[in-house]
Amino acid sequence: MMVTNSARLDVVKLSEDEKSVVILDQTRLPNHEEYITVSDEKRAWDAIKKLEVRGAPAIGVFAGYAMYVLAQREANRSYDDFLETMTQKAEYLNSSRPTAVNLSWALKKQVGLIRERKGTAVPEIVRLLGEQAKEIDAENLAMTKKIAEYGVTLIKDGDGILTHCNAGYLACLGYGTATAPIYYGQEHGMPLHVYADETRPLLQGARLTSYELQKAGVDVTLICDNMASIVMKEGRINAVFVGCDRIAANGDFANKIGTSGVAVLARYYGIPFYTLGPSSTIDFDTPSGDQIHIEERDPEEVKEMWYREPMALKEVKSYNPAFDVTDHSLVTGIVTERGIVYPPFDTNLKKLFGRE
């Protein structure tokens, strides 16, 4: 089942009148399924920054729709004013989360359409922005299925899979990315067992991954992040599947904090480690992970979030990077909608995507 049963929730969608974007508030899961209506740039910026909408592909789809919704308010401007205004809005939205490349990719795609249509009436450009936003959404859904089809070839009946953070349909729509082979395998009668890291400090694995897998009927066990080593040592894990927010040209990739540690453990225990993501996540303009900007979030997320009282003294400093970079040397393969890429990544990524 492609998570199409009643358990599946709409994550990002255009409202019926196409004047706003409706998103599932992921900060309220798993106990509250609530929706937010977004129709202005400040609310859109907040939705991304506050992780109400999250996951690189879902953010990309949201950004495409947000630009269309915002453009409708500017349809009476001259072309030059419209271009300048929408470019400023795109830059503003892009400042909300700098690490996930899908955000900037979708925004550039929408602004690029405006630039290409100079001489076209602005209302017609707005209509085309809507069409392109819907295409981004549809292409993303098709992408998740292709990733599922490639990824499922890497596992077999009865395998145990470890995943970190959330790269399921809540983050990526459709089949998800890291979860895509799991849902596809389930759809085709393949019994699998998933171990989901809780993923401190925001608990995306606990709140979101275990939530969506359980609702979809997948056999899932939640573990604390520091339990990954023991489940690997005990032979419970046959493969690690994780998502990605940005892949550098050499195969280094950024993902939720803690991913690189899981990769180190997988290498030690001889377990295949894969990152799964769309081509829009690959940033050929970034040579290596050293150039990926890592978002640093509020330290209070570590000390106070989820606790009735702070779990550390107020005077204690806290460091809270949202992502880390996994070195390409620890990656077995990169699963994309165009196929599975193996080392050497700097050469084979370019080959697969025609960048030679």
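Hi everyone, thanks for coming. Please keep in mind that what you see above is a predicted model.

The largest pocket holds about 330 Å³ of space. Its lining is made of 13 residues, and the ones closest to the centre are Trp105, Ile282, Asp283, Asp285 and Arg355. If you sort that lining by class, you get five nonpolar, three polar and five charged residues. Where does the largest share of the lining come from? It comes from α4, which gives four residues. Helix α4 covers 101-116, and it and strand β11, at 282-283, each supply at least two lining residues.

Now for the second largest pocket, with about 160 Å³ of space. Here too 13 residues form the lining, and closest to the centre are Trp105, Ile136, Asn140, Pro278 and Ser280. The classes here are six nonpolar, five polar and two charged.

The largest cavity has about 180 Å³ of space. A set of 23 residues lines it, and nearest the centre lie Arg54, Gly55, Ala56, Asn166 and Asp245. Helix α2 contributes at least two residues to this lining, as do α6 (169-172) and β9 (253-256). By class, the cavity lining splits into 11 nonpolar, eight polar and four charged residues.

Let's move on to the helices. Two packed helices are described by the angle between their axes and the distance between the axes. Take α1, residues 41-49, and α2: their axes are 11 Å apart, at an angle of about 175°. Angles over 145 degrees count as roughly antiparallel, so that is what α1 and α2 are to each other. On the α1 side the contact uses Glu41, Ala44, Ala47 and Ile48, and on the α2 side Ile59, Phe62, Ala66 and Leu70. That makes seven nonpolar residues, no polar ones and one charged.

Helix α1 also packs on α3, residues 79-94, where the axes come within 9 Å and cross at roughly 25°. Are these two helices roughly parallel or roughly antiparallel? Angles under 35 degrees count as roughly parallel, so α1 and α3 are roughly parallel to each other. The crossing is right-handed. From α1, Glu41, Lys42, Ala44 and Trp45 meet Lys89, Tyr92 and Leu93 of α3. This contact has four nonpolar, no polar and three charged residues. Notice that Glu41 and Ala44 take part here, and both also belong to the contact with α2.

One last stop: Val302, in helix α11, residues 300-303. In sequence, Val302 and Pro201 are 101 residues apart, yet their C-alpha atoms are 5.5 Å apart in space. Setting aside neighbours within four places in sequence, Val302 touches Arg200, Pro201, Tyr307, Met311, Ser318, Tyr319 and Asn320.

Terms used: Residues numbered from 1 in each chain as written. Predicted model: local features only at pLDDT ≥ 70, side-chain atom pairs only at ≥ 80, totals over all residues. Heavy atoms only, no water. 1 Å grid on protein atoms, 1.4 Å probe; cavity = no way out; pocket = protein on both sides within 12 Å on 5 of 7 lines; lining within 4 Å. Points joined across faces, edges and corners; volume = space filled by probe spheres on them. Nonpolar A, V, L, I, M, F, W, Y, C, P; charged D, E, K, R; others polar. Axes fitted to C-alpha atoms, helices over the stretch in contact; angles between N-to-C directions. Parallel < 35°, antiparallel > 145°, perpendicular 65-115°, else oblique. Left-handed = near helix turned anticlockwise from the far one by under 90°. Contact = heavy atoms within 4.5 Å.
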